[in-house]
Amino acid sequence: ASVRSELHKRKIQFVFADEVHYVKNRSSKRSEALYEFGTAKMKIGATATPVGKNPEDIFGIFKFICPTMFPSFSNFARLYIKYAGYGRVVGVKNKEHLVKKYAPHVIVKTKEEISSQLPSLVVIQRYCDMTSDQLEATQRIMTDLEEFKKQEQAIRNKCKSESVIKSNSELMRLEAMILALQTFAQEIADAPQLLLNTESEMSKNYSISDLTSPKLEMMAELVEEIIDSGEKVCIFSKYERMQPIIAERIKEIDKDIKIAFVNGKLKDKARYAEVYDKFRDDPDYKVLLMTDAGAEGLNLSKCKYLIEYDLAESYSIQTQRHGRVERSDSVHDTVFVYQLIA
C-alpha cells in the first residue's frame with residue numbers, strides 16, 4: 001500500500017508489467033492494485049506463460065493494458081465466454097472476433113525467433129522399473145479407480161439435469177475418491193513413503209512396507225554425477241512432501257551438501273534468498289529443490305542441469321519449468337533437463 005501511495009504521488013505515466021499473466025484473475029488483490037495505474041499513458045505487459053483456454057484471462061490482462069477495449073465484463077462474457085451449467089467456463093465463442101479485437105495490441109516472439117539468444121536445451125528421459133510391491137499397489141489402485149469411474153458414470157447417466165448432478169453427494173464423494181487414487185498412483189511411483197507422510201486415512205489402504213524407491217535412487221546417482229562434475233542442479237517435484245525425502249537422500253551422498261528450497265509456503269523475500277543468495281551465489285549450495293511454485297519468474301541462468309523428478313501436470317507448466325534454465329543470459333551454451341519416469 002505504501003509503494004502504491006508513493007507511485008500515485010509521482011503520477012507515473014509509464015508502466016512495464018513483467019509476468020503480466022498474474023493479473024488474469026481480475027478480482028485478485030494483485031490485479032486490483034495494478035489496475036489503479038490503468039490511466040498511465042503507456043503500458044506494456046510481458047509474459048512467457050501462454051494464455052490458457054479460459055477467455056476470462058484475456059479480459060483480466062487487457063483490463064490493465066487497454067481498459068477501454070472491454071469496458072464491461074458482462075458484455076465480454078456474453079460475447080466471448082462459453083459456459084456450461086452453473087457458471088463453469090468450458091471455452092471461447094466468437095474466437096475470430098475476439099482475436100481480431102486484441103491482436104493489434106499484442107507482439108508475439110516465438111522461441112524459434114529468439115533461439116539465437118538462448119542456450120540449446122537437451123531433454124533426456126530416464127526410465128526405471130518399480131519394485132514388485134510398488135507394481136502390486138499400483139495395480140490395486142487402478143482396479144479400484146476403474147470401479148469408481150464406472151459408478152460415477154452410472155450416477156451421471158441417471159441424473160436428468162446439471163443441477164441434479166451438482167447436488168448429488170454420492171457423485172461428489174466418488175469424484176474425490178477418483179482424484180485421490182490418481183494422486184496415490186503418482187505418489188507411489190515417486191516414493192512409497194509419500195503415502196505414509198499424509199493425513200489421508202484412505203492412502204493407508206494402498207501403502208506398502210517396502211519403502212524402496214528406484215526413482216529416488218536414479219535421482220541420487222544423477223545428482224552425485226552432476227555435483228562431481230562441478231555443477232549445481234535444480235530438482236522439480238510437484239509434491240512439497242517429496243522435498244524432505246529427496247533432501248535426506250542427497251545428504252546420504254554427502255552430509256555437507258547444502259540444499260536450498262522453494263515451495264508455496266515461502267514469501268517473495270524468502271524465495272529470493274533461497275534462489276539467489278544461497279543457490280546462485282553461495283558455492284556450498286549445490287542443490288535447489290522446487291515445487292511448481294517456483295516454475296515462474298525465477299532466473300537460474302547459472303544452472304546447467306534441471307531434474308524433473310515427476311512430470312509436470314501440463315505442457316504449459318513443463319515449459320515454465322524448463323524456462324528457469326533456458327535463459328538469454330545463461331552462462332552455458334547447452335542446458336540439460338532430465339525427466340525421471342518410473
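**Loops, a helix face and a helix pair**

Reply: Start with K11, which counts as exposed because its relative accessibility is 63%. Keep in mind that this is a predicted model.

Me: Where is K11 found?

Reply: In the loop between α1 (2-10) and β1 (14-18).

Me: And what is phi of K11 near?

Reply: Near 50°. That is a positive value, and K11 is not a glycine. Most residues other than glycine have a negative phi.

Me: OK, N94 next. What is its phi near, and which loop is it in?

Reply: Phi of N94 is near 55°, again positive in a residue other than glycine. N94 sits in the loop between β4 and α5.

Me: Is N94 buried or partly exposed?

Reply: Partly exposed, because its relative accessible area is 43%.

Me: Switching to α4. Which residues of that helix are buried?

Reply: Helix α4 covers residues 73-80, and its buried residues are F73, F76, A77 and Y80.

Me: Why do they line one face of the helix?

Reply: Looking down the axis of α4, the buried residues fall within an arc of 95°, so they line one face. In general, an α-helix has 3.6 residues a turn, so residues three or four places apart point the same way.

Me: What's exposed on the other side of α4?

Reply: S74 and R78.

Me: And what covers the buried residues of α4?

Reply: The cover includes α3 (56-65), β3 (81-83), β4 (89-92) and α5 (95-102). The loop between β4 and α5 is where N94 is found.

Me: New topic: α9 and α10. At what angle do they pack?

Reply: About 55°, with the axes 10 Å apart. Helix α9 is residues 214-228 and α10 is residues 242-253. The two are therefore oblique to each other; the oblique class leaves out angles of 65 to 115 degrees and those under 35.

Me: Is that crossing left-handed or right-handed?

Reply: Right-handed.

Me: Which residues make the contact?

Reply: From α9, L216, E217, M219, A220, V223 and E224. From α10, M242, I245, I246, R249, I250 and I253.

Me: Last bit, the whole chain. How many helices and strands?

Reply: The protein chain has 12 helices and 10 strands. Its C-alpha trace spans about 60 × 60 × 40 Å along the principal axes.

Me: What percentage of the residues count as buried?

Reply: 41% of the 342 residues.

Note on methods
Residues are numbered from 1 along each chain as its sequence is written. This is a predicted model: local features need pLDDT of at least 70, side-chain atom pairs count only at pLDDT 80 or more; totals for chains, interfaces and linings use all residues. Side-chain values use heavy atoms; hydrogens and water are left out. Axes are lines fitted to C-alpha atoms, for helices over the stretch in contact, and angles run from 0 to 180 degrees between N-to-C directions. Helices (H or I, at least four residues) and strands (E, at least two) are DSSP runs, numbered from the N terminus. Angles under 35 degrees count as roughly parallel, over 145 as roughly antiparallel, 65 to 115 as roughly perpendicular and the rest as oblique. A crossing is left-handed if the near helix is turned anticlockwise from the far one by less than a right angle, and right-handed if clockwise. Contact means heavy atoms within 4.5 Å. Buried means under 20% relative accessible area, exposed over 50%, partly exposed in between (1.4 Å probe, protein chains only). The arc is that of the directions from the helix axis to the C-beta atoms.
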